Amino acid sequence: MAELNSKIPKGPLSQKWAHYKDHQNLVNPSNKRKLDIIVIGTGLAGASAAASLGEMGFNVKIFCYQDSPRRAHSIAAQGGINAAKNYPNDGDTVYRLFYDTIKGGDYRAREANVYRLAEVSNAIIDQCVAQGVPFAREYSGSLENRSFGGAQVSRTFYARGQTGQQLLLGAYGALSRQIKLGSVKLFNRHEMMDVVIIDGKARGIIARDLITGKLERHFGHTVVIATGGYGNVFYLSTNAMGSNTSAIWQIFKKGAFFANPCFTQIHPTCIPVHGDYQSKLTLMSESLRNDGRIWVPKKKEDAQAHRHGKLKANDIPEEDRDYFLERRYPAYGNLVPRDVASRAAKERCDAGFGVGETGLAVFLDFKESIGRLGKNTIENRYGNLFQMYEKIVDENPYENPMMIYPAVHYTMGGTWVDYELMTTVTGLFVAGEANFSDHGANRLGASALMQGLADGYFVLPYTLQNYLSGEIKVPRMSTDKTEFAEAEKNVQLRLEKLMAVKGTHTVDHFHKELGKIMWEYVGMGRNATGLKKAIELIRKLRAQFWKDVKIPGTLNELNTELEKANRVADFLELGELIAFDALNRNESCGGHCREEYHTEEGECLRNDQDYKYVAAWEYLSEGDFKLHKEPLDYEEIEVKQRVYK
Amino acid sequence: MKLTLKIWRQKDAKSTGKFVTYPIDNISPNCSFLEMLDLLNEQLILQGQDPVVFDHDCREGICGMCSLYINGRPHGPDDAVTACQLHMRKFKDGETIIIEPWRAKPFPVIKDLMVDRTAFDKIIQEGGYISVNTGGSAEANSILINKINSELAMDAAACIGCGACVAACKNASAMLFVSAKVSQFALLPQGQVEANERVKKMVKKMDELGFGNCTNTYACEAECPKLISRSNIARLNREFMVAKVLG
């Protein structure tokens, strides 16, 4: 495999994207009609890419495992989307958004990609408003902004607590329009099983019709994967039940490098775990930290009394409360980035100050802001979140402080892509959360929606066209080709192998066990001993899975257990790679916290000398991965310790 | 908690379905309804039976995928929640719970509790959007929108497309769903250009797909997990009439 070439355009940082667009190759309208593009996933990145490419005149096929493209998990994003509009006149610029994102990512993201992201952020807002996305507004009729973690300006646009939903429905509308016009063909309830590579280029996929169980072959001149993150490797996460790593894992096995898999984000404000029957964790938007204050009792005996139900939060006097984020980080207070807030909460709970039944929770208190702004204002800002909390926990958050605890939320790592979002496999692109490109070791709040839509609306339409300009002479290929038959056969064999195990434990059993290993040893606090143990345990569990998993039903029918088993089989391999990567990275940065490496004050200790690189892993065989390094050179930014104090 | 579940089982779209009774024990009141079904499925699989198939994904009340008709109500006995956010504390120990799929001609059963709701996508494809291409949009703040209308548009846009309104309606009418999308754009200046065409096309498609008419019982509003208001239906009717008059 050749050395990594990130294909960053020449010229000063602020001119790179303009330079790229000025010099890229184009495809004329009559040739566009002859070119087929396959898009996997209908979230923000996939839907916006497919809609835009359809508008341009390409033939697009888009696939989702859900019953409708509108269900993709982007829909669940709550808080908002960043852009450098500077409407509040608080000093925001494109550079500042870029800077905050790089710093927020603890100097482990690629400078040129992040600058482009900040640069196109404003056009996203224009686009979404034109589509009729009902963003929050001032009485003057202009758009309203709020603050999010890791920034000292208010640059977050939002639609109540449902920003992801509204942006996705905007993209879904655009996609639906193209479906009606015939430029995009939708395959719902279909799952991509493998990519087909012909003469070194991605040329199609094998998909499974989830209703009939039949395998299908689909040709494309190029393939775009936008299937989201792999947080479900932890079993409990804020991801949807169906969110999976399978598409990016299958392409990994076909030569697409996997970058920084250990960069996973633990979100500080989620509803705590309450029982072993639990299937997922629910996020409470970061926006709540605008008005909520996070605290635990100052006295251990108060924390203990609360755990035993003998003391209520409201009965703990003000002077006995430790607002630990405000105490440790006076400059950013409750709005420190997610990794910092999560670690601080874990530190307090580990030290014995945690509250709630399990002692694994801290308070998020709105009493002060309700007193200052009134209940109505708080209800307007966060009504649906408060309602959701009350339904799940059965407690009124207007009267009692919420209890929250960190949970797995987002994965910054993902398929390695170059500046054009192309993987190490020619003609194979990865967009959105599924790629690694923009968030380094930690993502700032309201930046996931920005990246998904940037990739889909404003990056891929250019870079894909540039790639396809070289494919205009390639006629549509028959799916009878050997490569398609071979790929389909391999998928068939794998599914048959799964069905043939006929063991004694359910898929969920293995998934839960994997989750426990990951959370215990590869979660918020990692160390070399634990990571080595995790690798050993995951290997054992994987072997057990292939000997003992029980899948009812048959291959050629709707079989939800088989779907799950196929995904969990991939998670069982990915878990090992995450641990590998975490073990390799002997430093703490962003969401990757190695207990051996921290400053005297307990903050992350990066090692720029040895680890200022993207770790891109190549798949050799099961459990055997080769490391390639992409050095990170910062031209416009001085790399320093991240300080939020 | 100890419960008796009567669940609709149907092998595929062509087969005839029937209720099958399953006892289940040791359910925590803090368990969500879908987690309770997970536990049932775990039992069924270990006993060598087929698990109950049901649609679900985000499990936080926003994707709109879950679609269970519980004790005669879409999404069950709690108000303003989807089935995934319904918790077992809303039931009594020893209770018998009847679980069915959405029942409506345009939503055929695929298997057990899973139905085909692509009819909703088809309605949206007719005009549930503003026809604007990527790029070239005007500066966002050049379109000023009255806050009240903007909030009303957001109220309507909160629809999750789950289909509870159709399942609740004795006529299997999709008026609340269609009106929510029509209203969102009718309330916004960006939506005006295509307003007449949009409402006519979406209503036509809705009729074609076999959804019934509205007879003003408002069961849809009562059962909507997102509290979409019936006033949107009035707005839809007005928009439709204006469009017809203007041709």
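1. Domain bounds, as used in this note, come from an automatic or database domain assignment. On that basis, chain A is divided into domain 1, residues 267–409, and domain 2, residues 485–631. The structure is a predicted model, and the points below should be read with that in mind.

2. Overall form of chain A. The chain holds 18 helices and 19 strands. Its radius of gyration is 24 Å, close to the 26 Å that the globule rule gives for 645 residues, so chain A is as compact as a globular protein of that length. Along its principal axes, the C-alpha trace of chain A spans about 75 × 60 × 50 Å.

3. The two domains of chain A. Their C-alpha centres lie 31 Å apart. Where they touch, six residues of domain 1 of chain A are in contact with five residues of domain 2 of chain A. Which helix gives the most to the domain 1 side of this contact? It is helix α10 of chain A, residues 338–353, with five residues. By class, the domain 1 side has one nonpolar, one polar and four charged residues.

4. The three-stranded sheet of chain A. Three strands form an open sheet in the order β6-β7-β8, and the pairing is antiparallel. The edge strands are β6 (190–198) and β8 (215–219) of chain A, each of which pairs on one side only. On average, and ignoring direction, neighbouring strands of this sheet are turned by 30° against each other. Strand β7 of chain A, residues 201–209, is joined to β8(A) by five bridges, and the two run antiparallel. A:I205 stands opposite A:H218 in β8(A).

5. The five-stranded sheet of chain A. Strands of a sheet pair through backbone hydrogen bonds, either parallel or antiparallel. In this open sheet the order is β11-β15-β14-β12-β13, with antiparallel pairing. At the edges stand β11 (264–270) and β13 (321–322) of chain A; each has a single partner strand, so one side of each is left without a neighbour in the sheet. Strand β14 (residues 362–365) and strand β15 (residues 402–411) of chain A run antiparallel and are joined by three bridges. A:F363 stands opposite A:M403 in β15(A).

6. The contact between the chains. How many residues does each chain bring to it? Chain A brings 63 residues and chain B brings 64 residues. On the chain A side, α3 (44–56), α5 (111–130), α6 (163–181), α12 (375–393), α13 (448–468) and α17 (560–584) each supply at least two residues. The helix that gives the most to this side is α6(A), with nine residues. By class, the chain A side is made up of 23 nonpolar, 24 polar and 16 charged residues.

7. α6(A) packs with helix α2 of chain B, residues 118–125, at an angle of about 85°, and their axes are 8 Å apart. Angles of 65 to 115 degrees count as roughly perpendicular, and α6(A) and α2(B) are therefore roughly perpendicular to each other. From α6(A), the residues A:G173, A:S176, A:I179 and A:K180 meet B:D121, B:I124 and B:Q125 in α2(B). The residues of this contact divide into two nonpolar, three polar and two charged.

8. The two domains of chain B. The domain assignment of chain B gives domain 1 as residues 3–111 and domain 2 as residues 118–246. The C-alpha centres of these domains lie 29 Å apart. Their contact takes 17 residues from domain 1 of chain B and 16 residues from domain 2 of chain B. The domain 1 side has nine nonpolar, five polar and three charged residues.

9. A helix pair within chain B. Helix α6 (residues 195–208) and helix α8 (residues 231–246) of chain B pack at an angle of about 110°, with their axes 9 Å apart. That angle makes α6(B) roughly perpendicular to α8(B). On the α6(B) side, B:A195, B:N196, B:V199, B:K200 and B:V203 take part; they meet B:L236, B:E239, B:F240, B:A243 and B:L246 in α8(B). What classes of residue make up the contact of α6(B) with α8(B)? There are seven nonpolar, one polar and two charged residues.

Notes: Residues numbered from 1 in each chain as written. Chains lettered and ligands numbered in written order. Predicted model: local features only at pLDDT ≥ 70, side-chain atom pairs only at ≥ 80, totals over all residues. Contact = placed C-beta atoms within 7 Å. Helix = DSSP H or I, 4+ residues; strand = E, 2+ residues; numbered from the N terminus. Nonpolar A, V, L, I, M, F, W, Y, C, P; charged D, E, K, R; others polar. Axes fitted to C-alpha atoms, helices over the stretch in contact; angles between N-to-C directions. Parallel < 35°, antiparallel > 145°, perpendicular 65-115°, else oblique. Pairing = 2+ DSSP bridges. Rg over C-alpha atoms; globule rule 2.2 N^0.38 Å.
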